[in-house]
Amino acid sequence: MPTVTRSDCTEIDATERFRIVYDESTNLIEGNITLVDINFNACQGINNRNNDLWHYMGRLFYEGKIENTQWGEAGRIITNSDCDYAVEEALSQKSLAPGYDHDVSEWTSVAGRDNLAIGDANGLQVPSFGAEALRLALTTETSELANATYGIIKRICSTCDPVAKEIYYRRMTPIPEGFDLLHNIMHQRNDGGGNNRWNEDFQLFSTYEDAVKDQNRWKCPNNSFNYKAPFYGECSPTGDRIRDQYSIFSWSPGPRAHVAYYINKGEEVGMVKVDTHHVRGRDHANGMALESADGKTVYMTGHGRDIWSYDDDFNFKADEIVEDDFTTVVKVGTRSTPSHQSWSKSGLMVRTSLDTDSAHFSIFRIGANWICTQGRRIKGEYSRSFGDCIQDQPDAPWLKIEKRMDTYTSFYGTEGADGVITWTQVRSEELAGIGDRSYVGLAVSSASYWQLETIFHDFEISQYYFPSASPSVSLAPTMLAPFTDVNNLDLGRVAQSSAGSWDVTSSGTDIWGTSDSFRFVNFTVSGDVTIEMRVDAFEGDPDHNGDLYHWAKGGMMMRDTMDKNSRHFSLFVTGTQGLANQWRECTGCNSGHSKTHNDNPRPVWLQVKKVGNLFTSYFKYDEEGAEWIQFGTTKTMDFGSEFEVGIAVTSHNWGRVATLRGSGLNIEEHVPTAARQLRA
């Protein structure tokens with residue numbers, strides 16, 4: 001590793017005289033030195049650089065007196081570049097790293113970079129106190145100092161020159177509300193719009209004692225603070241200019257790396273740091289959270305690209321996994337950031353896992369005053385907005401999510417003068433993809449490189465239990481029914497009530513061609529069978545203005561197997577094409593249909609009947625005395641001894657859903673002695 005930045009070297013010019021006497025009679029020789037004259041001179045190096053060991057060895061190399069490897073070894077010992085990197089490499093080989101062990105009973109880390117970062121740094125995105133958290137901590141929670149009522153900030157710089165390794169900043173004036181002091185000293189090269197001026201708003205000192213007593217203030221060259229060198233301004237205890245001892249946290253290396261800021265309060269005094277999860281779907285996610293002493297307020301910062309697309313990038317505070325049904329509520333207070341973005345988000349989130357592409361249901365305050373319900377129905381799906389965003393709601397800071405079985409409902413609330421909150425429902429969605437165990441908490445994403453600070457009040461999660469006693473007025477209970485997705489996305493749900501109604505929601509590309517993609521509420525039967533059902537409604541995706549593709553299909557199906565290319569015989573209602581009788585006569589064959597019936601009223605009864613190997617479809621309108629009308633032609637197909645019958649739905653639009661609502665489902669197997677009724 002480099003050990004010196006340069007080394008002097010000296011050449012010696014020596015003059016010596018010797019006297020030698022030979023005695024022939026004794027055959028002896030006697031010699032002695034009669035004169036020694038030594039002159040010390042600067043060594044002569046290449047490029048006219050004298051008194052410099054590295055340049056002198058360069059001269060020796062070019063004169064052929066040393067090898068290039070010897071000159072290179074000297075270059076690794078004597079160099080004035082990359083010293084910091086070399087020192088870190090040498091330390092890492094010994095399992096050491098630059099750092100600073102602060103006294104947590106007296107000091108709190110509020111920002112740091114590289115090895116001095118708070119927790120988990122993500123490149124140059126580092127967790128730090130937000131503007132309001134720092135302002136409150138400095139003015140209300142710092143050590144009780146008679147003469148330093150606005151707090152003291154300590155900067156540690158492990159790579160700085162000795163005079164600048166430890167500097168104390170004493171605040172002389174209150175930090176203005178809304179001014180982000182940390183951002184100014186970490187990222188900017190100015191006086192913060194007049195809010196952070198030397199000799200007015202702050203002074204610098206070499207020791208904490210000096211800062212407390214306001215003695216031995218640092219001086220600046222020509223009495224001028226250089227704001228291009230943040231925090232220390234090229235000043236010093238003597239007034240001599242010291243250069244390059246600052247660190248811009250958005251630069252690498254800064255020019256100084258391993259820098260941290262601390263305020264004079266204990267880690268466990270007042271606001272305390274609480275854990276968050278950095279969900280990193282892209283390259284910005286980071287942040288931290290502080291909780292007030294009474295636990296009612298959370299000061300949370302978040303970097304993040306966005307909570308959107310296939311992968312989310314944000315800061316998430318979720319303390320525990322919640323099971324079963326619950327209600328969660330929070331009040332979203334001040335939101336501040338150096339760079340306001342229209343799609344920055346702060347709010348409540350229910351999330352299956354910490355995977356970046358997890359299913360979730362969330363309600364956010366977005367940008368300035370929008371309220372949006374967004375999420376992802378299943379893991380890996382592209383994000384979506386559930387309905388339209390509500391604009392211009394500055395006076396509705398309260399957000400709420402209720403989970404009841406697979407139903408998630410979002411609300412926003414306004415608070416009256418009497419403290420009573422009036423809730424307005426935003427959206428209700430069936431999201432079986434989230435599951436019964438989920439993370440519930442607070443989410444913040446700045447939608448930019450810079451962090452967004454959000455102050456949350458009165459965050460609460462309360463478990464909900466369905467009443468054990470019957471209410472005085474009750475609706476028919478609804479339960480989830482089994483189904484099979486054939487070559488299909490797991491979107492939506494299937495619900496059956498005890499009153500006999502069905503809601504079947506599905507995505508899917510189509511039931512057509514040589515293979516199908518749909519949801520099937522299927523029952524295994526054999527022999528001769530009749531299935532029928534009343535279709536009350538066929539609806540499009542509520543997240544896309546209720547759009548229903550004209551060849552979306554829902555209705556009665558008999559199917560040989562659950563393979564996507566299986567034989568089947570079906571009767572459907574469609575988006576706009578009326579009734580459709582369709583089939584596939586052999587495995588992997590192209591589909592066929594007899595005709596469509598363009599009249600498309602609701603409700604309508606559908607029926608499919610199998611006798612032997614003959615299949616026929618019928619319909620009738622829901623009118624008193626209406627007779628079954630055969631629809632299409634009878635087809636001949638050979639099914640296996642057991643096959644599947646039931647309700648089939650496809651939206652004909654991958655990633656969007658369609659919902660068939662109906663009642664009166666009836667399945668009868670006809671055997672020689674009697675008819676066996678499976679469903680009614």
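This is a predicted model: local features need pLDDT of at least 70, side-chain atom pairs count only at pLDDT 80 or more; totals for chains, interfaces and linings use all residues.
Figure 1. A disulfide joins C157 to C160, with an S to S distance of 2.1 Å. The torsion about the S-S bond of C157 and C160 is about 80°, so this disulfide is right-handed.

**Figure 2. The disulfide of C372 and C389.** The sulfur atoms of C372 and C389 lie 1.9 Å apart and form a disulfide. This pair links distant parts of the chain: C372 belongs to strand 17 (residues 370–376), while C389 sits in the loop between strand 18 (384–385) and strand 19 (398–404), 17 residues apart. The link of C372 and C389 is right-handed, with 120° about the S-S bond. C372 counts as buried, at 0% relative accessibility.

**Figure 3. The disulfide of C586 and C589, and the disulfide pattern of the chain.** C586 and C589 form a disulfide in which the sulfur atoms are 1.3 Å apart. C586 is partly exposed, with a relative accessible area of 27%, and C589 is partly exposed as well, with a relative accessible area of 23%. The structure holds 5 disulfides. Counting bonded cysteines along the chain, the disulfides follow the pattern 1-2, 3-4, 5-6, 7-8, 9-10.

**Figure 4. A nonpolar patch on the surface.** The patch is formed by I12, F18, I20, Y22, I29, I33, V36, I38 and F40, which together have about 1,000 Å² of accessible area. Strand 1 (10–23) and strand 2 (28–42) are the elements that give two or more residues to the nonpolar patch. Strand 2 provides the largest share, 5 residues. I29 has its place in strand 2 and is exposed, with a relative accessible area of 63%.

Figure 5. R135 forms a salt bridge with E132, and the closest N and O atoms are 2.7 Å apart. Both R135 and E132 lie in helix 4 (residues 131–141), where they are 3 residues apart, about one turn of the helix. R135 and E132 are both buried.

**Figure 6. The salt bridge of E234 and R241.** The side chains of E234 and R241 meet in a salt bridge, at 2.7 Å from N to O. The two partners fall into separate accessibility classes: E234 is buried, with a relative accessible area of 8%, whereas R241 is partly exposed, with a relative accessible area of 36%.

**Figure 7. The salt bridge of K345 and D306.** K345 and D306 meet through their side chains in a salt bridge, at 3.0 Å from N to O. K345 lies in strand 15 (residues 345–351) and D306 in the loop between strand 11 (297–304) and strand 12 (313–317), so the pair ties together parts that are 39 residues apart in sequence. K345 counts as buried, at 1% relative accessibility. D306 is also buried, with a relative accessible area of 18%, a value that falls under the 20% cut-off.

Figure 8. A search of the whole structure finds 39 salt bridges.

Methods:
Residues are numbered from 1 along each chain as its sequence is written. Side-chain values use heavy atoms; hydrogens and water are left out. A disulfide is a pair of cysteine sulfur atoms within 2.5 Å. Helices (H or I, at least four residues) and strands (E, at least two) are DSSP runs, numbered from the N terminus. Buried means under 20% relative accessible area, exposed over 50%, partly exposed in between (1.4 Å probe, protein chains only). Patches are made of residues with over 30% relative accessible area and no salt bridge: like charges are joined within 9 Å, nonpolar side chains (Val, Leu, Ile, Met, Phe, Trp, Tyr) within 5 Å. Accessible areas come from the Shrake-Rupley method with a 1.4 Å probe; for residues, only the protein chains shown count as cover. A salt bridge is a side-chain nitrogen of Lys or Arg within 4 Å of a carboxyl oxygen of Asp or Glu.
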